[in-house]
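Me: I have this model open and would like to go through it with you piece by piece. Could we start with the sheet, then move on to the helix beside it and the ligand?

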Amino acid sequence: MAVDSGLSSPLGPPACEKDAKALQFIEEMTRNADQVQEKILAKILSQNGETEYLQRFKLAGATDRDTFKSKVPVVTYEDLQPDIQRIANGDRSPILSSHPISEFLTSSGTSAGERKLMPTIHEEWDRRQKLYSLLMPVMNLYVPGLDKGKGLYFLFVKSETKTPSGLVARPVLTGYYRSEHFKKRPYDPYNVYTSPDEAILCVDSFQSMYAQMLCGLLMHKEVFRVGAVFASGLLRAIRFLQVHWQQLAHDISTGILNPKITDPSVRECLAGILKPSQELADFIIQECSGGNWERIITRIWPNTKYLDVIVTGAMAQYIPTLDYFSGGLPLACTMYASSECYFGLNLKPMSKPSEVSYTIMPNMGYFEFLPHDPSAPPLSRDSPPRLVDLADVEVGKEYELVITTYAGLCRYRVGDILQVTGFYNSAPQFQFIRRKNVLLSIDSDKTDEAELQKAVENASLLLREFNTSVVEYTSFADTKTIPGHYVIYWELLVKDPSNSPTDTVLKQCCLAMEESLNAVYRQGRVADNSIGPLEIRVVKSGTFEELMDYAISRGASINQYKVPRCVNFTPIMELLDSRVLSTYFSPAAPHWTPERRRTD
Ligand code: AMP
């Protein structure tokens, strides 16, 4: 029921007093986007003006935009890496931030095969918490009555490590779930989860998923929304149900928890939730035993109003599968964030995935936009790029996001390409177009062309003794399987057919490619089970020439034709698949440990 709080919002009537305040905050920030940005930059520069990093650029105490833009360079992670490494190694002097670096957030973006380390400061969690606190008030404008039900969210922590100096390094959501902000969050009837914190915080991914699924089943009628952070995570949960429904139903029938759940805190909290119910167990058996998984989400959780998962960017590939499992429930993409900084939220969370635009909240950091022109020459120090301010971007244009944060990133290129779709008040709204240089992605892994090339090179070393080489290759992210997996098409030149590579060697080539891929990929394969074994499909000789003929027949220039290193256009896939001679899967998991490779 909407309240008349005297704080009415142009976004719509707020559902409660707390929501009214949140919507009012969004109004204030978006109405004054430019002024807020100016203030934020001045605050960051006065807070960090004495840091070693900013001192290098001789701002002489200036905190205005013009001085900042003329003196401070636009940088990438590699530019900052020496400073970041010093912090990781224990230098506690104010290098990037005047506030002590409280931990490193390990990005899914990689540098030299390892996750990038993003410095953060303690107060940053308050800012991120504030953005989280805006999500439900916006959602409540579109979906009434969410306070009468619960959210079944599959949320996980991942392993954390320590830098040589003892600073914690962990993924941003692991940091958030382990923070007091999450663990001591006040009760909010609009934001009640079926998953107990003990299950979310359990480091064993099987036990965590099992406990969360069990609670979701036990409270199935109370569930009003089902979600995970990214689409791939929700599909992994459905896959888990497909594999484990019998054991889950058994636990519900008997009221006795699966002995594989050994974490004492999870066992203890489930003891208070798991009560025997033959009726519920029979219901689960009836829905799952027929092997028909269409609309399984709405069959098991009949009151679900929407799925809360990000399906923009690389995750768009999962929309058809989610539609199949949910019977086409709305897909809500609520926020846009990264390890470096949380950026903004979707003010129309029930819009179709193809129409989702995120409104960057001007209080989260200082944002600049590098006009994105793929044909422009690369940036150089001599011709510094002209960056546009948040309030000055133009509708229809594409930009790369560049951020300046309280934690000490200055004019840092995030690598995301965004397109302006419109404005809410004076704050622009952006469609997420893509992340730069990502060829293949299944979960949070991001493999670029150079990494794939290196992996093919390394794997093809195994073919040498067979006098065989890889003459051409391309790739494809196969998301029809759960979990999805990388498919690499290889055309081989076998010089001595009497000594062609054996099946065992080609399987080893799959594994060798996986060993070469970055740490996020290997973690997905080994620890998270979010990526399936890599597959090589060997195609007939001449296939890639046919591919070129096809491209030329569709207008490609013969002089400029380059083999696409990743394909997803159906006719091309059909052509490739019709020429497959044999397929091989990686026979084992690649090597991965939470420890980072030492780069110092
Ligand atoms: P990480 O640093 O691992 O947290 O990853 C952050 C990156 O994930 C962002 O820079 C984006 O490339 C991607 N990302 C985050 N939120 C969204 C979203 N709502 N839609 C599409 N991509 C997103």
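Me: How many bridges join strand 4 to strand 5, and do they run parallel or antiparallel?

Reply: Strand 4 and strand 5 (residues 168-170) run antiparallel and are joined by two bridges, where pairing requires at least two bridges found by DSSP between the strands. Strands here are DSSP runs of E with at least two residues, helices are runs of H or I with at least four, and both are numbered from the N terminus. This is a predicted model, in which local features need pLDDT of at least 70 and side-chain atom pairs count only at pLDDT 80 or more, while totals for chains, interfaces and linings use all residues. Residues are numbered from 1 along each chain as its sequence is written, and side-chain values use heavy atoms, with hydrogens and water left out.

Me: Which residue is the bridge partner of Lys-162?

Reply: Lys-162 has Val-168, in strand 5, as its bridge partner.

Me: And what order do the strands of the sheet have?

Reply: The sheet is open, with four strands in the order 2-1-5-4 and mixed pairing. Strand 2 and strand 4 (161-162) are the edge strands, each pairing on one side only. Helix 18 packs on this sheet by touching strand 1 and strand 2, and its direction makes about 100° with that of strand 2; contact means heavy atoms within 4.5 Å, and the angle, on a scale from 0 to 180 degrees, is between N-to-C directions of lines fitted to C-alpha atoms, for helices over the stretch in contact.

Me: Why is helix 18 largely enclosed?

Reply: Helix 18 (residues 519-526) is largely enclosed by the rest of the structure because seven of its eight residues are buried, meaning under 20% relative accessible area with a 1.4 Å probe and protein chains only. Those buried residues pack against strand 1 (101-111), strand 2 (114-121), strand 18 (485-494) and helix 17 (503-516). At the start of the helix, a side-chain oxygen of Asn-518 comes within 3.1 Å of the backbone nitrogen of Val-520.

Me: Switching to the ligand, which residues are closest?

Reply: Of the 15 residues that surround the ligand, the closest are Ser-108, Thr-312, Met-335, Ser-339 and Asp-416, where a residue counts if one of its heavy atoms lies within 4 Å.

Me: What lies 2.6 Å from a nitrogen atom of the ligand?

Reply: That is a polar side-chain atom of Thr-312. A polar backbone atom of Met-335 is 2.9 Å from a ligand nitrogen, and a polar side-chain atom of Arg-435 lies 3.0 Å from a ligand oxygen.

Definitions and conventions
Buried < 20%, exposed > 50% of the residue type's maximum accessible area, 1.4 Å probe, protein only. Polar contact = N/O pair within 3.5 Å; in protein donor to acceptor, adjacent residues only side chain to side chain.
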